[in-house]
Amino acid sequence: MKKMLSALVVVVLMMTMLASVANAASMPFSSQTIKCVKNAEVGVNQYTTTETKQAKETRLYVRHYLYGDFGGVYTNHFQAANQHRNATTRYGGDWMAPDTANYVRSNSITLGKTWYAYARGNTDYGLATIVITGYSDQQA
């Protein structure tokens, strides 16, 4: 009985920690189909937010995962923009491997604005589109 209760307490504590990590600044994207075409980055965050960047100027944290079996780990290109969709001006640009935590870096990513992730798939592997999930966090 004590072991079961201890296990339950551990599970509750882990869930609490995970909930605190997924704070309001974390903006998800799930099952987003993105094209593998040069200069075709699209906004991937699902929701708009009114929260502005308050910490860690010059970078936007991004973590993403690939859906499906693509026979390898392909890097994908991410940029930042301060518009939720259809941004004509995007900043930075970094190739990121799936299942890794990375930053889009640019001196143009400033405090006091809301920043969103933009992405496109890698054009080197003959794929037309890929499906990603993940999140960006402007405070991390």
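**Entry 1: S3 and S8**

The model I am reading is a predicted one. I then checked the two strands as a pair: strand S3 covers residues 59–66 and strand S8 covers residues 129–137. They run antiparallel, and six bridges join them.

Next I asked which sheet holds this pair. I found an open sheet of four strands, in the order S1-S8-S3-S6, with antiparallel pairing. Its edge strands are S1 (26–35) and S6 (101–105), and each of these pairs on one side only. I noted the angle as well: neighbouring strands of this sheet are turned against each other by 35 degrees on average, direction ignored.

**Entry 2: the whole chain**

Read from the N terminus, the order is α-β-β-β-β-β-β-β-β. The protein has 140 residues, and buried ones make up 35% of them.

I looked up the accessible surface, which comes to about 8,100 Å². Carbon and sulfur atoms hold 56% of that surface. I also took the contacts with a separation of 6 or more; 79% of these are between residues 24 or more positions apart.

**Entry 3: the other sheet**

I turned to the order S2-S7-S4-S5, which is an open sheet of four strands with antiparallel pairing. Which strands stand at its edges? They are S2 (42–43) and S5 (91–96). Each has a single partner strand, so one side of each is left without a neighbour in the sheet.

I followed S2 to its partner and found two bridges joining S2 to S7, with the two strands antiparallel. In this pair, glycine 43 stands opposite tyrosine 118 of S7.

**Entry 4: threonine 114**

I placed threonine 114 in the loop between S6 and strand S7 (116–120). Is threonine 114 buried or exposed? Its relative accessible area is 12%, which is under the 20% limit, so I list threonine 114 as buried.

I then looked for what lies around threonine 114. Its side chain reaches the backbone oxygen of glutamate 51 at 2.7 Å. Leaving aside neighbours within four places in sequence, the contacts of threonine 114 include Thr49, Thr50, Glu51 and Thr52. Ala81, Asn82 and Gln138 are also in contact with threonine 114.

**Entry 5: nonpolar cores**

I looked up the largest nonpolar core and found 17 residues in it. Val44, Leu60, Val62, Phe78, Val104 and Ile132 touch the most other members. S1, S3, S4 (76–81), S7 and S8 each supply at least two residues of this core. The largest share comes from S3, with three residues.

I also noted a second, separate core of five residues, with Ala81, Ala87, Tyr116 and Tyr118 among them.

I went back to isoleucine 132 and left aside its neighbours within four places in sequence. Among its remaining contacts are Phe29, Ile34, Val44, Leu66, Phe78 and Ala119. Ser30, Ser31 and His64 are also in contact with isoleucine 132.

**Entry 6: valine 131**

I ended on valine 131, which is in strand S8. Its relative accessibility is 23%. Buried needs under 20% and exposed needs over 50%, so valine 131 counts as partly exposed. I compared its position with that of serine 30, 101 residues apart from it along the chain. The C-alpha atoms of valine 131 and serine 30 are separated by 8.5 Å.

Terms used: Residues are numbered from 1 along each chain as its sequence is written. This is a predicted model: local features need pLDDT of at least 70, side-chain atom pairs count only at pLDDT 80 or more; totals for chains, interfaces and linings use all residues. Side-chain values use heavy atoms; hydrogens and water are left out. Buried means under 20% relative accessible area, exposed over 50%, partly exposed in between (1.4 Å probe, protein chains only). Contact means heavy atoms within 4.5 Å. Accessible areas come from the Shrake-Rupley method with a 1.4 Å probe; for residues, only the protein chains shown count as cover. Two strands pair if DSSP finds at least two bridges between them. Axes are lines fitted to C-alpha atoms, for helices over the stretch in contact, and angles run from 0 to 180 degrees between N-to-C directions. A polar contact is a pair of N or O atoms within 3.5 Å; within protein, one must be able to donate a hydrogen and the other to accept it, and residues adjacent in sequence count only if both atoms are side-chain atoms. A nonpolar core is a set of buried Ala, Val, Leu, Ile, Met, Phe, Trp, Tyr and Cys residues joined through side-chain atoms within 4.5 Å.
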